[in-house]
Amino acid sequence: MDKFRMMFQFLQSNQESFMNGICGIMALASAQLYSAFEFSCPCIPEYNYAYGIGLLVIPPIWFFLLGFVLNNNVSMLAEEWKRPTGERVKDPTILRYMFISITQRSLIAPMVWISVTLMDGKSFLCAFSVNLDIRQFGNSTLIEGMTEVEIVKVLAKIPCKNIFDQPELVSREAASRYIKCISQAFGWVFLLMMTFAAFMIRAIRPCFTQAAFLKTKYWSHYVDIERKLFDETCKEHAKTFAKVCIQQYFESISGDMSSFHKHRSSKDDSDDDDDDDKKKSDEDKLLGIRDQDDMNKVLWNWHTCKPPLALRKEQPDGESHEGLIPNGDVHGVSGGPNGYANGHTPDLPKREWAVYYSKV
């Protein structure tokens with residue numbers, strides 16, 4: 001059990017690398033799935049185009065949605081987008097950064113599927129075989145007496161080698177090679193465009209303001225880490241709450257338990273001290289929240305009104321004030337000098353300063 005816990009903690013701490021690995025596995029799975037998939041063109045004029053284009057488009061859409069499902073940041077993105085503003089303003093650049101990051105990872109597997117499909121050429125041949133100019137690949141003397149419907153039916157059977165029953169009319173091998181050549185050309189163009197787009201994104205990014213990018217990246221990581229720490233704190237509080245609740249239940253059932261513990265021998269005094277330490281640690285973990293309604297209020301407030309991102313700085317006398325000076329208050333929090341309330345300065349050790357004057 002400890003090994004699984006360590007593995008889960010490792011995956012949580014290296015979530016970005018883990019998601020990159022998941023995207024790579026999905027890309028390999030898409031290529032392997034296509035190679036294992038048995039392509040069967042219907043060879044019917046009314047269905048060839050729908051089947052070929054559907055095989056080229058629908059699986060990539062499925063892989064794209066699966067990439068969103070497997071990404072843990074999707075729920076965090078939706079929560080950040082839909083949460084009330086409260087005391088913390090929502091930054092659209094952070095939401096846009098998170099969405100682009102998720103989308104980039106989710107596009108890997110669909111791109112691999114489209115590339116492999118175009119390179120293979122079977123779906124392209126099935127979809128566009130009826131659009132061929134039959135006079136370029138067939139016997140023109142035999143084609144003269146055929147109607148348009150009969151020509152379309154012959155072209156629709158080109159992808160199906162087993163049911164192509166008119167080899168003297170159309171050269172099936174030449175027509176198949178022609179369409180597959182076009183499909184592979186589209187495949188290489190698609191790969192070139194995607195590679196060029198990725199290169200331009202990486203090359204153009206340093207040309208813009210890096211401070212804005214670093215700020216957006218920092219706060220997106222902060223939202224992710226804050227969510228994880230909040231979940232861990234809630235789990236720890238729930239565990240401690242359940243532990244104390246069960247202990248109080250058994251103490252209430254066994255009325256003589258407390259008196260029995262008080263009259264134990266001196267040999268068990270150290271055990272009593274350990275129990276007191278455990279109780280103190282449990283109290284610390286409860287953070288003063290010992291009621292169901294209070295916990296519900298805390299969770300509701302966290303969702304509707306998250307605390308502002310301005311930490312308080314603790315003072316030596318135990319008091320605290322906001323780390324940011326309010327607008328128009330140059331003396332501190334309440335107008336006192338040196339930032340202390342009402343001009344009061346704590347007894348801090350004085351420092352000697354040497355001042356040098358320059359005639360320059």
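**Entry 1**

I started with cysteine 43, which sits in the loop between helix 2 and helix 3. Helices here are DSSP runs of H or I with at least four residues, strands are runs of E with at least two, and both are numbered from the N terminus. Before going on, I note that this is a predicted model, where local features need pLDDT of at least 70, side-chain atom pairs count only at pLDDT 80 or more, and totals for chains, interfaces and linings use all residues. Residues are numbered from 1 along each chain as its sequence is written, and side-chain values use heavy atoms, with hydrogens and water left out.

Is cysteine 43 buried or exposed? It is buried, because its relative accessible area is 6%. My cut-offs are under 20% relative accessible area for buried, over 50% for exposed and partly exposed in between, with a 1.4 Å probe and protein chains only.

Leucine 287 also has a positive phi, about 55 degrees, and is not a glycine either. I found leucine 287 in the loop between helix 14 (269–286) and helix 15 (292–304). Its relative accessible area is 58%, so leucine 287 counts as exposed.

**Entry 2: the chain overall**

The protein chain has 15 helices and two strands. Of its 360 residues, 25% are buried. I also checked contacts, meaning heavy atoms within 4.5 Å. Among those between residues at least 6 apart in sequence, 70% join residues at least 24 apart.

**Entry 3: aromatic rings**

A pair of aromatic rings is described by the distance of the centres and the angle of the planes. The rule I used takes rings of Phe, Tyr and Trp (its six-membered ring) as paired if their centres lie within 6.5 Å; planes under 30 degrees apart are stacked, over 60 edge-to-face and the rest tilted. How many aromatic pairs does this rule give? The count is 13.

I looked at phenylalanine 39 with tyrosine 51: a tilted pair, 5.4 Å centre to centre and 55 degrees between the planes. Phenylalanine 39 is in the loop between helix 2 (15–36) and helix 3 (48–70), tyrosine 51 is in helix 3, and the two are twelve residues apart. Tyrosine 51 is partly exposed, because its relative accessible area is 27%.

Next came phenylalanine 68 and phenylalanine 99, with ring centres 6.2 Å apart and planes at 50 degrees, so this pair is tilted. Phenylalanine 68 lies in helix 3 and phenylalanine 99 in helix 5 (residues 92–106), so the pair ties together parts that are 31 residues apart in sequence. Phenylalanine 68 is buried at 17% relative accessible area, whereas phenylalanine 99 is partly exposed at 43%.

I also noted one aromatic cluster formed by Tyr49, Phe124, Phe128 and Phe186.

**Entry 4: helix pairs**

The axes of helix 3 and helix 5 come within 8 Å and cross at roughly 130 degrees. Axes are lines fitted to C-alpha atoms, for helices over the stretch in contact, with angles from 0 to 180 degrees between N-to-C directions. Helix 3 and helix 5 are therefore oblique to each other. I class angles under 35 degrees as roughly parallel, over 145 as roughly antiparallel, 65 to 115 as roughly perpendicular and the rest as oblique. Phe63, Phe64, Gly67 and Phe68 in helix 3 meet Phe99, Ile102, Thr103 and Ser106 in helix 5.

For helix 12 (residues 210–253) and helix 15, the axes come within 13 Å and cross at roughly 175 degrees. These two helices are therefore roughly antiparallel. At this meeting I listed Glu226, Phe230, Cys234 and His237 from helix 12, with Met295, Leu299 and Trp302 from helix 15.

**Entry 5: two buried residues**

Methionine 76 lies in helix 4 (residues 73–82) and is buried, at 4% relative accessible area. What does methionine 76 touch, not counting residues up to four places away in sequence? I got Met98, Val223, Asp224 and Arg227. Methionine 76 and valine 223 are 147 residues apart in sequence and 8.1 Å apart in space, C-alpha to C-alpha.

Last, serine 115 in helix 6 (residues 108–120). Serine 115 is buried at 8% relative accessible area. Leaving aside neighbours within four places in sequence, serine 115 is in contact with Phe190 and Leu191.
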